[in-house]
Amino acid sequence: QLQLVESGGGLVQPGGSLRLSCVASGATLDFYFAIAWFRQAPGKEREGVSCFSSSDGSDGYTTDADSVKGRFTISRDNAKNTVYLQMNSLIPEDTAVYYCAAGFTAGSLYPHDYDYWGRGTQVTVSS
């Protein structure tokens, strides 16, 4: 059974950066076609942020939500069984709990396409 654990969240000022990590155990991430980051702010629905898709665990492609294009970058390190989300130029609207997830629908940013979820890490952007 795949387990995902996120870390790296915290309080950051507007314009700052954070790097989130998602460590997998129980299975290798390259078994899954899509590994993604989602976020959920208070009172809002969970939304997809970035997705890394690969059919063979190596070269793949990324899909990003319009709200984070040019600011967030998803990457994967198969040797460490870890997925990262580098977040730059953070704004208060990025404040949310961030989750990583694994599934088999390449390129998807829809929560219903993902089968395994971490418990999340809080990101707060405030001065």
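The model is predicted: local features need pLDDT of at least 70, side-chain atom pairs count only at pLDDT 80 or more, and totals for chains, interfaces and linings use all residues. Residues are numbered from 1 along each chain as its sequence is written, and side-chain values use heavy atoms, leaving out hydrogens and water.

**Salt bridges**
- The count is four salt bridges (a side-chain nitrogen of Lys or Arg within 4 Å of a carboxyl oxygen of Asp or Glu).
- R39 pairs with E47, with closest N and O atoms 2.6 Å apart.
- R39 also bridges to D94, at 2.9 Å between the closest N and O atoms.
- R39 lies in strand β4 and D94 in the loop between β8 (82-87) and β9 (96-103), so this pair ties together parts 55 residues apart in sequence (strands are DSSP E runs of at least two residues, numbered from the N terminus).
- D94 is buried at 1% relative accessible area (buried is under 20%, exposed over 50%, partly exposed in between, with a 1.4 Å probe and protein chains only).
- Shared partners join R39, E47, R71 and D94 into one network of salt bridges.
- R39 is buried at 5%, whereas E47 is partly exposed at 34%.
- D66 forms a salt bridge with K69, at 3.2 Å between the closest N and O atoms.
- D66 is exposed, at 65% relative accessibility.

**Serine in β3**
- S21 sits in strand β3 (residues 18-25).
- S21 is buried, at 15% relative accessible area.
- Beyond neighbours within four places in sequence, the contacts of S21 include W37, V83 and Y84 (heavy atoms within 4.5 Å).

How values were computed:
Helix = DSSP H or I, 4+ residues; strand = E, 2+ residues; numbered from the N terminus.
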